[in-house]
Amino acid sequence: MSIFVTRRIPESGFAVLRAAGVPFEVGQDDDERPLAHEGLLRGARRHPVLLCHLTDRVDSEVLAGPPTLRGVSQMAVGYDNIDVAAARGLGVPIANTPGVLTDATADLAFALLLAAARRVVEGDRFVRDGRFVAWGPNLMLGAGVGPAPDGAKKVLGIAGFGRIGKAMARRALGFGMRVLAWSRRREDTDGVEWIELDELFAQSDFVSLHLPLSPSTRHLVDARRLALMKPTAFLINTARGPVVDEGALAAVLRARRIAGAGLDVYEREPVVHEGLLGLDNVVLLPHLGSGTIETRARMAVMAAESALAFVRGERAEWELKA
Ligand code: GLV
C-alpha cells in the first residue's frame with residue numbers, strides 16, 4: 001500500500017510518511033510547475049492513495065482507476081479541483097487541511113487591503129525607479145483604512161463568513177473599521193452587521209471575498225455587482241479566482257469606476273488577465289494565502305496523516321463529511 005504525492009511538500013510531511021514506513025512516490029519534484037494530468041493519471045494507477053494539491057485536477061478518471069483510489073488527501077482547505085460528486089459516487093474519501101491556514105490567509109487578505117489602499121507596491125516601484133525626488137504634500141495619496149481624523153469609520157464588507165471571513169473581521173475591528181458580512185447562512189457575531197450581498201457591495205469601502213468556489217459562487221462578482229461598488233471602493237480576493245469575472249474587473253479598474261483591487265487568485269491560474277497587468281491600481285500576488293513557513297509545515301503534516309489513515313483503511317480526522 002503506497003501513496004502518490006503529486007508535488008514536493010514541506011519536509012515535515014515527508015517526515016510523517018517516512019516515520020510510518022509507508023512507501024511513497026513524488027510525481028513532480030520541481031517547485032515551479034504542477035504535475036501534468038497524464039502524470040497524475042499514471043501515479044493514481046500505481047498508488048491507491050493520493051496526496052495532492054489545488055493544481056491537480058482530480059477528475060473521475062483519476063478517481064476511478066482501475067484500481068479505484070482508497071482516498072484523496074488534499075494539502076489545501078479549498079478542494080474545487082476535485083470532483084467531489086464522482087468521489088462520493090465511488091466511495092472515495094477526501095480530506096483537506098482546514099483551520100490551520102485561517103490566520104495566514106486573513107493576514108494576506110489584510111496585507112492586500114492595506115497595500116492597495118495605501119499604494120504600497122506602487123510606492124516601492126516609484127522609489128526603485130528613482131522617481132522619489134522630493135517629499136510632497138500631495139505625493140501618492142492613498143485611501144485611509146483606519147478611522148478618518150473626524151472619526152468616520154471605513155466599511156469592510158466580507159462576502160463569505162466562514163473561518164477566514166471571521167478572522168478578517170477580527171483584523172478589521174482591530175483597525176477600527178465598521179464590518180458588514182454576508183453568507184448563505186446568517187450568523188450574528190459581535191461587532192459585525194449581517195447584510196444582503198448587493199447592499200454589501202453598495203455600502204462597503206472594501207469588499208473582501210472569502211467564499212469557496214462552487215457553481216453558485218462562480219462569477220458571483222460580475223459586471224452588475226462591480227457596478228454597485230462605490231468609485232472609491234476596493235475589491236480584495238484571496239478566495240478563488242473564478243468567483244470574480246476577471247474581464248469585468250479589469251474593465252472597471254481601467255475606467256477607474258472602482259478605486260483598486262488586491263488579488264491573490266485568478267480565473268485561469270497561473271495566467272493573469274492581460275488587462276490587469278498594466279494597471280497600477282491593482283496589487284497582484286501569486287496565490288500566497290496560506291504561504292507561511294509555519295502554516296505550510298503544519299498543512300503538510302495534516303495531509304500526510306490523512307493519507308496514512310487512508311492507507312490503513314481508517315477514517316481521516318479531516319475527512320469531508322458525506
Ligand atoms: C489555498 O488556496 C487553499 O485552499 O488552501
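Contact here means heavy atoms within 4.5 Å, and helices (H or I, at least four residues) and strands (E, at least two) are DSSP runs numbered from the N terminus. The model is predicted, so that local features need pLDDT of at least 70 and side-chain atom pairs count only at pLDDT 80 or more, while totals for chains, interfaces and linings use all residues. Residues are numbered from 1 along each chain as its sequence is written, and side-chain values use heavy atoms, with hydrogens and water left out.

**View 1. Helices H1 and H2 lie across strands of the five-stranded sheet.** Axes are lines fitted to C-alpha atoms, for helices over the stretch in contact, and angles run from 0 to 180 degrees between N-to-C directions. Helix H1 (residues 11-20) lies across strand E1 (3-7) and strand E2, at about 150° to E2. Helix H2 (residues 37-46) lies across E1, E2 and E3, and its angle to E1 is about 165°.

**View 2. Five strands form an open sheet with parallel pairing.** Two strands pair if DSSP finds at least two bridges between them. The strand order is E2-E1-E3-E4-E5. Strand E2 (24-28) and strand E5 (94-95) are at the edges with a single partner strand each, so one side of each has no neighbour in the sheet. Within the sheet, strand E3 (residues 49-52) runs parallel to strand E4 (residues 71-74), and four bridges join them. Valine 49 has glycine 71 of E4 as its bridge partner.

**View 3. A second open sheet has seven strands in parallel pairing.** Its order is E8-E7-E6-E9-E10-E11-E12. Strand E8 (192-194) and strand E12 (282-284) form the edges, each pairing on one side only. On average, neighbouring strands of this sheet are turned by 20° against each other, direction ignored. Strand E10 (residues 234-237) pairs with strand E11 (residues 260-263) in the parallel sense over four bridges, and alanine 261 in E11 is the bridge partner of leucine 235. Helix H7 (residues 163-174) lies across strand E6 (155-159), strand E7 (178-182), E8 and strand E9 (206-209), running at about 175° to E6.

**View 4. The ligand is surrounded by residues of the protein.** The surrounding residues are Leu54, Ala76, Val77, Gly78, Leu101, Arg240 and His287. By class, this shell has four nonpolar, two polar and one charged residues; Ala, Val, Leu, Ile, Met, Phe, Trp, Tyr, Cys and Pro count as nonpolar, Asp, Glu, Lys and Arg as charged, and the others, Gly among them, as polar.

**View 5. Oxygen atoms of the ligand lie by valine 77, glycine 78 and arginine 240.** A polar backbone atom of valine 77 is 2.8 Å from a ligand oxygen atom, and a backbone N or O atom of glycine 78 is 2.8 Å from an oxygen atom of the ligand. In the side chain of arginine 240, an N or O atom is 2.7 Å from a ligand oxygen atom. The protein covers 89% of the 190 Å² of accessible area that the ligand has on its own, by the Shrake-Rupley method with a 1.4 Å probe.

View 6. Most residues other than glycine have a negative phi, and most peptide bonds are trans.

Conventions
Near = heavy atom within 4 Å. Polar contact = N/O pair within 3.5 Å; in protein donor to acceptor, adjacent residues only side chain to side chain.
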